[in-house]
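Subject: Structure handover

Hello,

Please find the structure below, with the sequence alongside. My notes on what was found in it follow.

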Amino acid sequence: MTTPTNYEIKAVVDTMQQTFAAFKQENDLHLKAEAKNKADPLSGEKLQKMNANMDILETRLSGLARTPLGDVQHKSSHQDMAHKAAFSQFLRKGNDDA
């Protein structure tokens, strides 16, 4: 699995922003027409398609934002373990002598 570049993530975010702006504008028009009892059924379908596109983009973005955890190696040193134990003791008893 390759790590996504900032350009790829930015492209998806920009597309999401543009799609949301268009969705918001279309929804405002749809609500105004609906208030006047002149709602266009095609407008509702258009909003559903835009919403589906937003869901697809959101799924794509969440896939790009995840990093593979299997590749990360973290070795705890003795000092890290001691610090963790002292912090745990402090949280449990409020005792910072440990």
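At 40% relative accessibility, does F90 count as buried, partly exposed or exposed, and why? F90 counts as partly exposed because its relative accessibility is 40%, where buried means under 20% relative accessible area, exposed means over 50%, and partly exposed lies in between (1.4 Å probe, protein chains only).

Some background before the rest. This is a predicted model, in which local features need pLDDT of at least 70 and side-chain atom pairs count only at pLDDT 80 or more, while totals for chains, interfaces and linings use all residues. Residues are numbered from 1 along each chain as its sequence is written, and side-chain values use heavy atoms, with hydrogens and water left out.

Overall make-up

The chain holds three helices and zero strands; both kinds of element are DSSP runs numbered from the N terminus (helices: H or I, at least four residues; strands: E, at least two). Read from the N terminus, the order is α-α-α. The chain has 98 residues, of which 12% count as buried.

Helix 1 and helix 2

Helix 1 covers residues 6–35, and helix 2 covers residues 41–65. Two packed helices are described by the angle between their axes and the distance between the axes. Here the axes of helix 1 and helix 2 come within 9 Å and cross at roughly 160°. The axes are lines fitted to C-alpha atoms, for helices over the stretch in contact, and the angles run from 0 to 180 degrees between N-to-C directions. Helix 1 and helix 2 are therefore roughly antiparallel to each other, a label for angles over 145 degrees. Helix 1 passes helix 2 in a left-handed crossing, meaning that the near helix is turned anticlockwise from the far one by less than a right angle.

N37 lies in the loop between these two helices. The phi of N37 is near 60°, a positive value in a residue other than glycine. N37 counts as exposed, because its relative accessibility is 73%.

With 43% relative accessibility, D55 counts as partly exposed.

Salt bridges

The structure holds two salt bridges, each being a side-chain nitrogen of Lys or Arg within 4 Å of a carboxyl oxygen of Asp or Glu. One joins the side chains of K10 and D14 at 2.9 Å, N to O. Both of these residues lie in helix 1, four residues apart, about one turn of the helix. K10 is partly exposed, with a relative accessible area of 48%, and D14 is partly exposed at 26%.

The side chains of K46 and E26 also meet in a salt bridge, at 3.5 Å, N to O. K46 lies in helix 2 and E26 in helix 1, so this pair ties together parts that are 20 residues apart in sequence. K46 counts as partly exposed at 43% relative accessibility, whereas E26 counts as buried at 15%.

Surface patch

F90 is found in helix 3, residues 78–93. Together with F87 and L91, F90 makes a nonpolar surface patch of about 320 Å². Accessible areas come from the Shrake-Rupley method with a 1.4 Å probe, and for residues only the protein chains shown count as cover. Patches are made of residues with over 30% relative accessible area and no salt bridge; like charges are joined within 9 Å, and nonpolar side chains (Val, Leu, Ile, Met, Phe, Trp, Tyr) within 5 Å.

Regards

Terms used
Angles under 35 degrees count as roughly parallel, over 145 as roughly antiparallel, 65 to 115 as roughly perpendicular and the rest as oblique.
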